[in-house]
Each structure stands twice: as C-alpha cells, then as structure tokens.
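Reader: I would be grateful for a close look at a single part of this model, namely the sheet together with the helices and salt bridges around it. Please set out the account as one connected description.

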Amino acid sequence: MQLSKIDSRIGLLFEFISLTGLRIGELLVLRYSDYDKENATININGTVQYDYKNSSEIKRGTPKNIYSVRDVSLSDRAVSIFDSIMLENKRRSLWFERYIDYGYIFTSSRGNPYDIQFLNRRLKGVHIEGKHLTTYIFRHTHISMLAELGVSLKTIMQRVGHNDPNTTLSIYTHVTKSMHDDVINKLNQRQA
C-alpha cells in the first residue's frame, strides 16, 4: 500500500513479483513475446545483464542457470497487472515522444527496463517495522505463500527456477503462524 502511494506502477511491479516469484532480473527483461495470454503463462528465458565497460545500460542476457528457463502460470490478479502495465505502455508510446517501445513490459517512462538500484531506492521509502525491503523480499514472499498453501517443494522449486532444495527451504524455514496453527488444528482433530 505504501509503495503504491509512492509510485503505483512500481507497486504493481512488486505485487507481480510476489504473485509469480520471479527474480527481479527476470522480470525486468520480460517481453511481450514472452507472454502467452491464452494460456495465462509467461516464459522466463532471460535476465538483466549490465555492460559495465561502457555504461550502466541494461541489456538482456542469459538466465541464471538451466533451471531458470521455465514457464510460469499466472493467477487472475497477475494477468490483470500484466495487462494493465501493457496498456499503459501502449498509451505512453502513443502520447509521449520520449517513450520508445523496446518490447519490454516493466519499463521506465522512456521504455527501458527499470534500473534495479532505482527500484531499491523506491523501496527505501517504504517503512515496515522490523523489515528491510529489497527487491528479493517479494520473491521470498511468494515462496512462503506457496509453502503456506501446502504446495510441494518440487513444484515450488520448478516455479521459481531453483535446482537445489536447500535454496528453497532456506527461504521459508521460518514457519509462519498460519502453518503452525494448521499443525495444531490437525493434531487436535486427529486426537478428537
């Protein structure tokens, strides 16, 4: 909510990550061609690559590893966000001379993918007691939500592009209150 007040477009970007579990670099290089609207999926096949020799220009590079290449199914809310951002991009390309459509979805006012440092600076404007917000916390939120829903470890790993179960397990080792309460309820029901 705080982030949406600061910048609604960036608020939607982070909500999308929390609904899909994408790495920030994967999200930033999503293109229109990666979206299968009919099947409500996105194909993850790239990540951000910076060319440090000449500039901080964002370029599309190869994914983190072979497990990172995957299709991710989208919830109705994620589709709604995606469609909303794409419509806004179309408006920008028609109304603003400086906006150049490079085919990316989550873009700045000029059509380039957002800069990760810029996004992290925006997150610093959000204050949640006891939390240090970074772009990765939203990915971790997604993994924790899937764990709370009882989604299998293998399914979570495939969805977020992990190949080592310890990587996934380390993110949601903090058992949430709802998971803890669920265990107690199940034990109580079994004993009744």
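Author: For the helix packing described here, axes are lines fitted to C-alpha atoms over the stretch in contact, and angles run from 0 to 180 degrees between N-to-C directions. The model is predicted. Helix H2 (residues 8–20) packs against helix H5 (residues 116–123) at an angle of about 100 degrees, and their axes are 11 Å apart. Angles of 65 to 115 degrees count as roughly perpendicular, and H2 and H5 are therefore roughly perpendicular to each other. On the H2 side the contact is made by Ile10, Leu13 and Phe14, which meet Phe118, Leu119, Arg122 and Leu123 of H5. By class, this contact of H2 with H5 holds six nonpolar residues, one charged residue and no polar ones.

Since Glu15 lies in helix H2 and Arg77 in helix H4 (residues 76–95), the pair ties together parts that are 62 residues apart in sequence. Glu15 is partly exposed at 27% relative accessibility, and Arg77 is partly exposed with a relative accessible area of 40%.

The sheet comes next. Three strands form an open sheet in the order S1-S2-S5, with antiparallel pairing. Strand S1 (35–36) and S5 are the edge strands, each pairing on one side only. Two bridges join S1 to S2, while four bridges join strand S2 (residues 41–44) to S5. Ile42 in S2 stands opposite Tyr35, and the bridge partner of Ile42 in S5 is Val72.

In a regular strand the side chains alternate between the two faces of the sheet.

Asp83 is partly exposed, its relative accessible area being 23%.

Asp34 and Arg31 form another salt bridge through their side chains, at 3.0 Å, N to O. Here Asp34 counts as buried, at 5% relative accessibility, but Arg31 is partly exposed, with a relative accessible area of 25%. The count of salt bridges comes to nine.

Terms used
Residues numbered from 1 in each chain as written. Predicted model: local features only at pLDDT ≥ 70, side-chain atom pairs only at ≥ 80, totals over all residues. Heavy atoms only, no water. Parallel < 35°, antiparallel > 145°, perpendicular 65-115°, else oblique. Contact = heavy atoms within 4.5 Å. Nonpolar A, V, L, I, M, F, W, Y, C, P; charged D, E, K, R; others polar. Pairing = 2+ DSSP bridges. Salt bridge = Lys/Arg side-chain N within 4 Å of Asp/Glu carboxyl O. Buried < 20%, exposed > 50% of the residue type's maximum accessible area, 1.4 Å probe, protein only.
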